[in-house]
Amino acid sequence: MCELLGLSSNAPATVSVSLPKLAEHGRASGTYNDGWGVGYYEGADVRLMKDSAAVGDSEWIQFIAGHNLRSQLVIAHTRKATRGTRSYSNAQPFVRELAGRAHLFAHNGDLPGIFSGGLQADRFNPIGETDSELAFCVLLDRMAAIWRVPGATPTLRERFLVVSTFASQLRALGPANFLYCDGELLFAHGHRRKHAETGKVEAPGLVSLQRHCQSGRPGIVADGLSIRSDDRLVTLFASVPLTSERWEPLAEGELVAVSHGQFVGRQMVGESPVLCEDPVDPLDRSGPDDAGRAFVNSGAASAGQAPLDFVSDAKRPS
């Protein structure tokens, strides 16, 4: 399986990524050599760089490492091919335009049932041969029903419910860890992955870390990742922990949504989603200390579920 990295911040941060180093986390070095990619959002568009070469052999990697690229939203992927040839078109992340903005997607897993009619796409079609790209096309087909007009952004609830239904169907086809971004929201779905320590395909499929990077203090520095910013709220998702800090595992089948570094939606398998349509920026010193706790609970209240709390400096909601 592949390795994923996602970032959401409340303001542009300088993000330096060394994919060869990131690809070594949680697995034997040199075994994921079938392509790589990284996408940095630039407003509604994406600066996408990817290659079919192994991460250790690609000259484009040196280009990325030599430029201090800044972005609020980043998705990166290193590939171990399970379906499709080693080619540029099969490298991830994948990008498509919908309603006048770039949508970005990366998947970790294997979906053998998707080619036998498990899921079908109409408007969007794969360029390559992978199950991951077909899954993305299916998702965008469904998103097209709510992203109708450029400049008119669907509500958090509309978008979350589409991704939730898609994720549920994807889990039935195989391991389905994915990151999806529409230029505002970053969705992360954790399922199962093959763990190097046990050799078993099991949860967690993704882990997360939320950090308040304060001015004058070191940012987030890991083996293969450096984030420099002034007074930023940063949320990261990765296949495995990248630092010695406490990364929170996503439960099997858990779906979360992040906007500007803040968790705004969460759903566990078998439960209703808990959504925050208008979170308060926890770095806004003029607001109350317990800001960010007013949520739109989509059916959860009747089930007796607790509201989703935000933890601004330590970890994701638990």
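A residue counts as buried when its relative accessible area is under 20%, as exposed when it is over 50%, and as partly exposed in between. The structure described here is a predicted model.

**Salt bridges**

Side chains of opposite charge can pair when their charged atoms come close. Across the whole structure, nine salt bridges are found.

| Salt bridge | N to O distance |
|---|---|
| E184 and R159 | 3.2 Å |
| R246 and E248 | 2.5 Å |
| E254 and R266 | 3.2 Å |

The side chains of R159 and E184 meet in a salt bridge. R159 sits in helix α4 and E184 in the loop between β7 and β8, so this pair ties together parts that are 25 residues apart in sequence. E184 has a relative accessible area of 27% and is therefore partly exposed. R159, at 3%, is buried.

R246 and E248 are also paired in a salt bridge. R246 is exposed, with a relative accessible area of 59%, whereas E248 is buried, with a value of 6%.

In the salt bridge of E254 with R266, the closest N and O atoms are 3.2 Å apart. This pair links distant parts of the chain, with E254 in strand β16 and R266 in strand β17 (residues 262–267), twelve residues apart. Both E254 and R266 are buried.

Salt bridges with shared partners also join R159, D182 and E184 into one network.

**Nonpolar cores**

The largest nonpolar core is made up of 37 residues, and M143 and Y180 have the most contacts inside it. At least two residues of this core come from each of the strands β5 (94–98), β7 (177–181), β8 (185–190) and β16 (254–259), and likewise from each of the helices α3 (131–143) and α4 (156–171). Helix α3 gives the largest share, eight residues.

Which residues are in contact with M143, leaving aside its neighbours within four places in sequence? They are L98, R159, V162, V163 and Y180.

Definitions and conventions. Residues numbered from 1 in each chain as written. Predicted model: local features only at pLDDT ≥ 70, side-chain atom pairs only at ≥ 80, totals over all residues. Heavy atoms only, no water. Core = buried A, V, L, I, M, F, W, Y, C linked by side-chain atoms within 4.5 Å. Buried < 20%, exposed > 50% of the residue type's maximum accessible area, 1.4 Å probe, protein only. Helix = DSSP H or I, 4+ residues; strand = E, 2+ residues; numbered from the N terminus. Contact = heavy atoms within 4.5 Å. Salt bridge = Lys/Arg side-chain N within 4 Å of Asp/Glu carboxyl O.
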